[in-house]
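I am opening my notebook to write down, step by step, what I looked up in this structure. I start with a site named in a record and then turn to a pair of helices.

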Amino acid sequence: MQAAKTAEAQGVSGAQGTAVVETATGSVEGRGQKVRAMLRAQLGEEIYSSWFKSLEFEDFDGRVVKVSVPVKFVRNWIQEHYAERLLHCSRVEFATAERVEVVWRQPGVAVQRPAEARPETTIAEKAPAAASQAEAPPRVSVLRPPVLPAQRTSAGGLEGSPLDPRYTFDSFVVGASNRMAHAGATQVAETVLTDAPGYNPLYIHSAVGLGKSHLLQAIAWEVKRRAPSAQVLYLTAERFRYQFVEALRSSDPLAFKERFRNIHMLLIDDLEFLQGERTEQEFDHIINALLDGGKQVVVASARAPNQIERLNERMRSRLQRGLVTELIPLDHELRLKVLEKRLGEKRAADPSFTLSRDVVDLLAMRLTENGRELEGAITRLYATWQYMRTPITLDIAETVIRDLVQNLEPRRIKIEDILRIISRHYGVSKGDLLSQRRHRSVVWPRQIGMYLAKHLTARSLPEIGRRFGGRDHTTVLHAIRKIEGEITKNPHLGDELEELKRLLNH
């Protein structure tokens, strides 16, 4: 025993030292289990389950206690919010500890440890555990949806850009901001090989992440589903340019043009990236030949045809002859629908995964840029849940999406600053703002303050509620929605909020 303690404090090399260290490592986990029990008792079950349930004690060299967690943001959260508490509890079992090092444990790597004793365990729960004490606790298997391989269209000896199997009409979420573009795309896909074709050309433009590539690929998938022998070619502008340059190098530009002669549909994505004078000329010739021959052309770009300077007047006019439609940013209702759709896709792979309505509302409220952010947030929360196997709380969700949120206001603003400015601006005392008074002269400034706290600080909804007189997060959420609703009705309110932000940033 004395040798093990010496080895733990000083380190031992060689075969004999290795055996001793292994013994010490076992004792590290045993003492770590006691530290976790202290954390559970001091912090409560909810906080413990959210942040410390997956914590593993791996090593102690006499000065540094090394622990690990399977998710990076959990590591960051513990370091930012619970470092002192973790060190304090660890020193009870590791008396000479100077600090605790929290590291990220690579996925799939687990430190075996005895099952933790749960508080108030019943006799019925203890019986099965006693029967299998010698067995290591089973690892929860991580379910992952099957990843379908990307496919390419091909026509005339040309190989298209990859088609994502997820980008179909079934997975596209329709709302007010994209209904026209979706209707045009479906009509083109359903009529391209009939006697009554849809819009030709179809031109879809939007900012990044709003679904134009999704619609182009959905058209390609749908046409191939309806007519497997159809000659459909989906190309990004960059790939079109690459293939044309290769044709020039092989002194075969005429053959390159001939390859497009017999295709039924050409879909060009990211038109704004088409570069090179000869490439642009060749593109003009091919598009004109296809349209003159009654072949379907679909184009997507970040800008409308009249905003792309490199297009000549003839090409600009031809692209505008069909349907030009824009995808605009998603409104709150559509963001909710997208989140529910992506959540449903994850649940199809793992029905035990779920998000509370409050978390979904939070994502819809904070992630307003595009659909990719929303999908990315669901993917991150799903991955977090897979490793933690604990309900996704508002605090966890806010931490996960923090770097996705665009244009966050300065974090130096404190809730105390907001209370002071609100009190001065509306002539209401801080005591009234924190009180239970329900008079409109107090409620309105209080709601304004909660709205500003959400958008100008990194505080969670529960924390804002506590700082505004001990209110719960649902009250804060109601206040934020109330102010957001009033902004759309009252243009003067927007100016007032900007003035308050200016005062806070002064």
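The entries below follow the order in which I looked things up.

Entry one. I noted before anything else that this is a predicted model. I then turned to UniProt, where an unreviewed entry places the feature "binding site" at G209, G211, K212 and S213, and I picked two of these residues to look up.

Entry two. I found G209 in the loop between β6 (202–206) and α8 (212–226). Is G209 buried or exposed? Its relative accessibility is 9%, and because buried means under 20%, G209 counts as buried. When I left aside the neighbours within four places in sequence, I saw that G209 is in contact with N370, G371 and R372.

Which residues does K212 touch, leaving aside its neighbours within four places in sequence? I listed I204, S206, A207, A300, S301, A302 and L327 as its contacts.

I went on to a helix pair, since two packed helices are described by the angle between their axes and the distance between the axes. For helix α13 (residues 332–349) and helix α15 (residues 371–388), I wrote down that the axes come within 9 Å and cross at roughly 35°, and that the crossing is right-handed. On the α13 side I noted R335, V338, L339, R342, L343, K346 and A349, which meet L374, E375, I378, T379 and Y382 in α15. The residues of this contact divide into 7 nonpolar, 1 polar and 4 charged.

Note on methods
Residues are numbered from 1 along each chain as its sequence is written. This is a predicted model: local features need pLDDT of at least 70, side-chain atom pairs count only at pLDDT 80 or more; totals for chains, interfaces and linings use all residues. Side-chain values use heavy atoms; hydrogens and water are left out. UniProt positions are given in the numbering used here, feature names are shortened, and annotations may be inferred rather than shown by experiment. Helices (H or I, at least four residues) and strands (E, at least two) are DSSP runs, numbered from the N terminus. Buried means under 20% relative accessible area, exposed over 50%, partly exposed in between (1.4 Å probe, protein chains only). Contact means heavy atoms within 4.5 Å. Axes are lines fitted to C-alpha atoms, for helices over the stretch in contact, and angles run from 0 to 180 degrees between N-to-C directions. A crossing is left-handed if the near helix is turned anticlockwise from the far one by less than a right angle, and right-handed if clockwise. Ala, Val, Leu, Ile, Met, Phe, Trp, Tyr, Cys and Pro count as nonpolar, Asp, Glu, Lys and Arg as charged, and the others, Gly among them, as polar.
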